Amino acid sequence: MDAWPRIVLHADMDAFYAAVEQRENPDLRGKPVLIGPNSHRGVVLTASYEARPYGVGSAMPVAEARRRCPQAVMVPPNFELYQSISQQVMDIFADFSPYVEAISLDEAFIDMTGATHFFGAPAEMGRKIKEAVYDATDLHISVGVSSTKYVAKVASAHDKPNGLTVVPPSHAKDWLAPQPIRRLWGVGKKTGPKLEALGLYTIGDIADAEPEYLSHHLGQSGAHFYNLAHARDPRRVTRGRTAKSIGSDRTLSKDVSHKDDIVRHLHRSAERIARRVRAKGYVANGLRVRLKTTEFEMLTRQRKFSKPADTATEFLKLATTLLDEFDHPGPFRLVGMTAFDLDWQDEANQLDLFETGRDRDLELTLDEVTKKFGSDTVVRARDMTGHGTVSKNGVNLDYLDFVDGERVSSPGGAD
Ligand code: TTP
Ligand code: MG
C-alpha cells in the first residue's frame, strides 16, 4: 500500500440548500429547484443537480436563471434550517476525528491521520463518512481523500454529486496535471487569463514551468502556484478554525441612494454579523462595506478597527465612516458588510471590554432573546422610522468567506 504521511479528507455537501429543500418537500424531488428570492432581483444561491444542465448555478442573477430554466421551482432560503443541518453534519464528522475544520456551512476538512486502525484504508474512511451522513440526514456528500488539503479539496469536486475520489500521495502530482488552472487555489477571474496569456492552461503546465519564470510574472503567487501544482501544501487541518470573515450582503427589492437608507440596511447587517461573530467566539479586526451599483459595478471600502470589535454598534460606526469614502452617488442595488481578520476572542487581549461594556451587555441580552424567540422578535426603534422598515423582500446572502479566499460569495466578488 502507498505510504500516506497524512490522511486528509475533504467533504462537501451536494447542492446543499437545494438538497435540503428537496428532502423537506417530496414534490421537489427529481425536479429543477433554485434557491433564491421570490422576485426577479437578487441572485440564485444554488441550483439542484436537475437544474444544472440548463447552465444555472450559484451567484447567477435570478432573472437570468429563470430565463434559462423557466420550469425550475424557486424556493426561498431557510438559513436556520441549513445551519442546524450543518451542525448535525459537523458533529458526525467529529465522530470520525477530533480534527475537523469547517470552512463553510457545507464543507469541512477532516484529518484522519492515524485512524486506519479504526476506519480502514482511506477509501473505506470516505465510504464510512458518506454513509454516516446519509444515514443521519438523507443527504449526499462528495468526498476527496489525499495527503494534502489542496488535493483533497480538488478531489472532492472531481466526481460530484455523491462522489468519492481517493488520490494516493504518490499519484497526486500526475493526477493534478491535466486539470485546468482554475482548479488552483487562488486562481480566479483575474489570474486565470493572466496565466493563459503566458501559455499556461493546465496545472501540469505550472508544475513544469521554471519557478523563477512564475515568480517573475506572478510575484509571490508564483511560488504558491508552483508548490500547489507539485501537490505540496503544508497547511494543517486546524481544529475549530472556521471563517476568516463573516459577511452579509443584502440585494434590495428597492434601490437606495440616500445615506440614511444605506445606513439602515447596514444596521441590519451589522446586527446579524455581530451576533454571528460573538456566537463563534470571534472578534473582528477589520470591516468591509460593499455597494453594488445598478450597473452591477461592485464598489468596496474597508478599514481596520483601532482595536478588535464584536458589537453591531462598533461595526455600524466604522461602516458609516466608510460610507463617506464612496464617491459614487448611487443608486445601489446591493448593500453588504463583512467583518474580516477574525481572531479568537481570548487571543485578542487588547479587547477593551470596559469601553464597549454597555453595547456588549445589550447585545448579549439580545443574543439570548433571539436564541429563544427568533430573529424577528426584536426590532430596534431606529428600524421602524423613516422610509418604511428594512426591506422584507430583499434577500440576505449571508456567508462565511473562507480560508483560501477561493470562494466567490456573489457576482463581482473576489478573484
Ligand atoms: P457550494 O458547496 O458551493 O454549492 P452546493 O453545495 O449548492 O453545490 P455543490 O454540489 O456544487 O457543492 O455552497 C454550499 C451552499 O452555500 C449552497 O448550497 C448555497 C450557499 N452559497 C451561497 O449562498 N452563495 C454562493 O455564492 C455559493 C457558491 C453558495
Ligand atoms: Mg456543496
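This is a predicted model: local features need pLDDT of at least 70, side-chain atom pairs count only at pLDDT 80 or more; totals for chains, interfaces and linings use all residues.
Leaving aside neighbours within four places in sequence, the residues in contact with M112 are I7, L9, F96, S97, F119, M125 and I129. The C-alpha atom of M112 is separated by 9.3 Å from that of V100, a residue twelve positions away along the chain.

## Nonpolar cores

M112 belongs to the largest nonpolar core, which has 40 residues. Together with L9, F16, I35, F93, I129 and I141, M112 is among the residues with the most contacts inside this core. At least two core residues are supplied by each of the helices α1 (16–24), α3 (79–96) and α5 (122–137), and likewise by each of the strands β1 (8–13), β2 (33–35), β5 (100–104), β6 (107–111) and β7 (141–146). Helix α3 provides the largest share, nine residues. Another core, of 31 residues, lies apart from this one and includes A274, V277, L291 and F332.

I141, in the largest core, is in contact with A11, D12, M13, D14, F93, I129, K130, V133, N162 and G163, when neighbours within four places in sequence are left aside. Two of these contact partners, D12 and M13, also coordinate the magnesium ion (ligand 2).

## Magnesium site

The magnesium ion (ligand 2) is coordinated by OD atoms of D12 and D106 and by the O atom of M13, at 2.0 to 2.2 Å. Six donor atoms surround the ion with angles of 80 to 176° among them, and the site is octahedral. Along the sequence, the spacing of the donor residues is D-M-x92-D. D12 and M13 are both buried.

## The sheet of β3, β2 and β4

An open sheet of three strands has the order β3-β2-β4, with mixed pairing. Its edge strands, β3 (46–47) and β4 (73–75), each pair on one side only. Strands β2 and β3 run antiparallel and are joined by two bridges; L34 stands opposite A47 of β3. Helix α1 lies across β2, β3 and β4, and runs at about 120° to β2.

Strand β10 (residues 282–293) is mostly covered, with twelve of its twelve residues buried. Eight bridges connect β10 to the antiparallel strand β11 (residues 298–309), and G286 stands opposite K304 in β11. The hairpin formed by β10 and β11 has four residues between the strands, and F296 there takes a positive phi near 70°.

Helix α6 (residues 149–158) is also mostly covered: eight of its ten residues are buried. These buried residues are K149, Y150, V151, A152, K153, V154, A155 and S156.

## Overall architecture

The protein contains 14 helices and 13 strands. Of its 415 residues, 52% count as buried. Among contacts with a separation of 6 or more, 68% are between residues 24 or more positions apart.

Conventions
Residues are numbered from 1 along each chain as its sequence is written. Chains are lettered from A and ligands numbered from 1 in the order in which they are written. Side-chain values use heavy atoms; hydrogens and water are left out. Donors are N, O and S atoms within 2.8 Å of the metal (3.2 Å for Na, K and Ca); water is not among the atoms, so sites may look incomplete. Four donors count as tetrahedral if all angles lie between 85 and 135 degrees; four count as square planar and six as octahedral if opposite donors are over 155 degrees apart and all others between 65 and 115; anything else is irregular. Buried means under 20% relative accessible area, exposed over 50%, partly exposed in between (1.4 Å probe, protein chains only). A nonpolar core is a set of buried Ala, Val, Leu, Ile, Met, Phe, Trp, Tyr and Cys residues joined through side-chain atoms within 4.5 Å. Contact means heavy atoms within 4.5 Å. Two strands pair if DSSP finds at least two bridges between them. Axes are lines fitted to C-alpha atoms, for helices over the stretch in contact, and angles run from 0 to 180 degrees between N-to-C directions.
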